[in-house]
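Here is a colleague's note to read alongside the structure. Please keep the sequence and the 3D view open, and look up each residue as it comes up.

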Amino acid sequence: MMVPYNAPIADMRFVLKDLGLLGQVQQLHGGEEITPDLVEAVLEEAGKLARDVLAPINHAGDRQHSRLENGVVRTPDGYAEAYRAYVEGGWNSVPFEADYGGQDLPWTIATAVQEMWQSANLAFGLCPILNQGAVEALQAHGSEAQKQLYLPRMISGEWTGTMNLTEPQAGSDLSQVKTRAERREDHYRIRGQKIYITYGEHDLAENIVHLVLARCDDAPEGVKGISLFIVPKFLPDETGAPGQRNDVRCVSLERKLGINGSPTCVMAYGDDEGAVGYLVGEENRGLEYMFTMMNNARLAVGVQGLAAVERAYQQARDYARERRQGRAIDGTYPAAIIRHADIRRMLMTMRAYSEAMRALILDAMLMQDTARRHPEESYRLYAKRRVGVLTPVVKGWCTDMAVELTSMGVQVHGGMGYIEETGAAQHFRDSRILPIYEGTNGIQANDLVGRKLIRDGGEAIGEYIDELHALINGLNERGGEDMAIIRRQLALAVDHLDNATGHLLEHGAENPDAAHGAAAYYMRLFGLTAGGAMMARAAIVAQDKLDGGGEEIDRGFYEAKLATALFYAENILPLSAGLVTPIARGPASLRAIPDEAL
Ligand SMILES: Cc1cc2nc3c(=O)[nH]c(=O)nc-3n(C[C@H](O)[C@H](O)[C@H](O)COP(=O)(O)OP(=O)(O)OC[C@H]3O[C@@H](n4cnc5c(N)ncnc54)[C@H](O)[C@@H]3O)c2cc1C
């Protein structure tokens with residue numbers, strides 16, 4: 001069964017070019033090289049690889065799974081060839097520093113490409129995501145010698161990187177990490193067990209570079225005693241080529257609900273002489289370093305959420321055009337189910353969310369680029385604050401919605417969605433991990449409310465809400481009934497967000513239990529509103545294009561953009577009323593749940 005995928009290049013182009021993101025990227029250091037032609041070529045070529053190579057092996061990989069055979073992990077048929085094509089096309093190196101062989105493309109562009117890999121094949125796409133996080137962590141914290149040795153190979157894709165945090169007793173709470181590191185002359189010996197390690201072992205590349213959290217014997221307790229180590233599967237010899245086999249092995253693979261093509265490994269370190277590990281940076285600062293990797297990976301997991309929704313939407317829409325059942329309102333019988341109002345509601349919901357998520361994510365990535373490449377420090381700091389706020393929102397909101405919306409994709413198919421034959425169920429199953437890994441969404445919501453709002457005294461979020469008010473003021477000047485509706489609904493949602501923010505700031509610190517209890521509502525309210533703001537910006541651009549006459553435009557495309565923005569305003573933004581209520585019920589609100597009730 002082959003489920004087609006076509007990259008939504010026109011939608012990506014709309015966000016990048018029409019919403020002005022590319023123009024802003026061009027103002028950044030090195031941005032003059034990022035021409036519209038270059039972006040077009042990158043998107044087109046990536047779209048072909050995603051459509052022709054990665055998408056066709058998605059469904060079969062889900063059925064076949066990765067397998068452990070005599071200590072060797074075999075990925076599903078076609079994965080190794082696909083990985084080779086991906087590496088040979090230079091795709092692994094897109095966003096990384098040119099000094100180590102990267103192409104130095106901005107994250108804003110690299111993320112549009114990333115969406116394609118994840119839509120085409122989420123299980124395959126995890127390997128580059130983990131590698132990307134490992135590269136980021138080494139770029140930021142590795143010694144120059146470590147960077148020279150590992151980065152060029154991890155950037156080219158000859159070697160892949162992994163992230164080894166989790167242990168049976170240390171999941172969300174990494175202060176419990178027990179893996180030990182013993183000092184030797186120029187290295188450490190690592191002993192312990194890690195679980196759930198994605199692509200911890202595989203047959204795609206000649207070497208695997210594990211980034212491992214472990215504790216030195218005399219380290220302080222808790223998070224302040226954790227260090228970060230590079231533990232290569234094969235120790236590089238003096239030429240840098242993979243040499244002696246290190247004492248690290250995959251001892252079993254997890255059976256799981258989805259992303260079956262990707263191996264989720266239990267890893268044993270140091271069963272014999274101890275695995276050789278090399279310290280990154282200084283001892284006891286490992287968790288801080290790992291956060292570089294986790295922040296990058298959190299945004300990437302948000303992209304996976306969007307990608308899953310886009311894929312599920314395309315499939316549901318195509319099915320709804322073919323499947324005939326029942327009488328349409330206009331009397332057609334039997335009608336394609338896409339004629340039925342409830343199917344149209346579901347498809348439009350999926351589409352509207354995916355457009356809002358894409359615009360929000362790419363805007364967050366623009367901030368990521370701005371934080372790194374803007375010539376002026378004040379802008380870099382502003383952008384850094386914004387990335388800090390948007391990271392838990394992108395991760396938490398986009399992945400929570402991915403589960404709901406891929407489920408909607410199943411619903412569009414009726415019974416054919418529930419049985420495995422169509423592949424619709426796979427998107428739903430694959431998405432279910434997204435709110436769990438890379439910091440569960442409960443942890444993301446706590447981060448948003450606890451650190452990004454209350455600890456910050458509301459500065460960064462206040463700055464963002466001020467911008468939302470300015471956007472609404474701008475909408476005041478626009479004519480037309482559609483724009484009036486969009487303005488009204490967005491203004492209501494922003495008021496709700498403003499209210500909830502004020503309430504949490506005022507009462508959250510003295511009542512943290514209740515504030516954290518409200519955090520999931522707040523995160524969703526935030527995502528919903530931030531997505532709505534991007535849709536309003538899209539509506540303004542679409543309206544201007546349609547009103548502008550002059551240049552040759554695809555009117556149908558821009559009319560569709562306006563229709564989706566209107567749908568979002570009328571059907572999705574009003575949900576904000578139900579989300580503010582549990583947070584700001586009045587002076588006595590924010591009630592913690594009593595033990596007796598559970
Ligand atoms: C398929 C898969 C792939 C993975 N890949 C990797 C990988 O490559 N590398 C790696 O290191 N790990 C990986 N993980 C591990 C993953 O990151 C953890 O499962 C995740 O961080 C949650 O930890 P846990 O499973 O121990 O759940 P727990 O921490 O036990 O959480 C259970 C529940 O309690 C909640 N909870 C826990 N603490 C708090 C808190 N302080 N406040 C509020 N709620 C809380 C959680 O939100 C969750 O709902 C993977 C997991 C899976 C399933």
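What percentage of the 598 residues in the protein do buried residues make up? The points below begin with that question and then go from the whole chain to single residues.

1. Burial and overall form. This is a predicted model, and in it buried residues make up 58% of the 598 residues. The protein contains 20 helices and 12 strands. Its radius of gyration is 24 Å, close to the 25 Å that the globule rule gives for 598 residues, so the protein is as compact as a globular protein of that length. Taken along the principal axes, the box filled by the C-alpha atoms is roughly 75 × 60 × 55 Å.

2. If you take the contacts in the protein with a separation of 6 or more, 74% of them are between residues 24 or more positions apart. The accessible surface comes to about 24,000 Å², and carbon and sulfur atoms account for 49% of that surface.

3. Cysteines. How many disulfides does the count come to? The count comes to zero. Cys250 is in no disulfide, since the nearest cysteine sulfur, that of Cys265, is 3.9 Å away, whereas a disulfide needs the two sulfur atoms within 2.5 Å. Cys250 is buried, because its relative accessible area is 6% and buried means under 20%. Cys398 is also buried, with a relative accessible area of 0%.

4. Backbone points to check. Most residues other than glycine have a negative phi, and most peptide bonds are trans. With that in mind, please look at the peptide bond between Tyr333 and Pro334, which is cis, with omega at about -15°. Pro334 has its place in the loop between α9 (286-322) and α10 (341-373). Ile259 has a positive phi, near 35°, although this residue is not glycine. Ile259 sits in the loop between β10 (248-253) and β11 (264-269), and at 5% relative accessibility this residue counts as buried. Glu438 likewise has a positive phi, near 60°, in a residue other than glycine. The loop that holds Glu438 runs between α13 (424-431) and α14 (441-455), and Glu438 is buried, with a relative accessible area of 13%.

5. Thr75. Where does Thr75 lie? Thr75 lies in the loop between β2 (72-74) and α5 (79-88), and at 5% relative accessibility Thr75 counts as buried. Once its neighbours within four places in sequence are left aside, Thr75 is in contact with Ser66, Arg67, Ala80, Tyr199, His202, Asp203 and Leu204. Thr75 and Glu438 are 363 residues apart in sequence, and their C-alpha atoms are 23 Å apart in space.

6. Leu497. This residue belongs to helix α16 (residues 481-507). Is Leu497 buried or exposed? Leu497 is buried, with a relative accessible area of 0%. Leaving aside neighbours within four places in sequence, the residues in contact with Leu497 are Ile465, Leu468, Tyr522, Leu525, Phe526 and Thr529. Leu497 and Gly527 are 30 residues apart in sequence and 10.0 Å apart from C-alpha to C-alpha.

7. Gln169. The place of Gln169 is in the loop between β3 (159-164) and β4 (180-183). Gln169 counts as partly exposed, because its relative accessibility is 30%, which falls between the limits of 20% and 50%. Which residues does Gln169 touch, not counting those up to four places away in sequence? Gln169 touches Gln176, Val177 and Lys178. Gln169 and Ile195 are 26 residues apart in sequence, and from C-alpha to C-alpha they are 10.0 Å apart in space.

8. Arg339. The loop between α9 and α10, where Pro334 has its place, is also the place of Arg339. Arg339 is partly exposed, with a relative accessible area of 45%. Not counting residues up to four places away in sequence, Arg339 touches Ala328 and Arg344. The C-alpha atoms of Arg339 and Arg321 are 8.4 Å apart, and the two residues are 18 residues apart in sequence.

Terms used: Residues numbered from 1 in each chain as written. Predicted model: local features only at pLDDT ≥ 70, side-chain atom pairs only at ≥ 80, totals over all residues. Heavy atoms only, no water. Helix = DSSP H or I, 4+ residues; strand = E, 2+ residues; numbered from the N terminus. Rg over C-alpha atoms; globule rule 2.2 N^0.38 Å. Buried < 20%, exposed > 50% of the residue type's maximum accessible area, 1.4 Å probe, protein only. Contact = heavy atoms within 4.5 Å. Areas by Shrake-Rupley, 256 points an atom, 1.4 Å probe, with all protein chains shown as cover.
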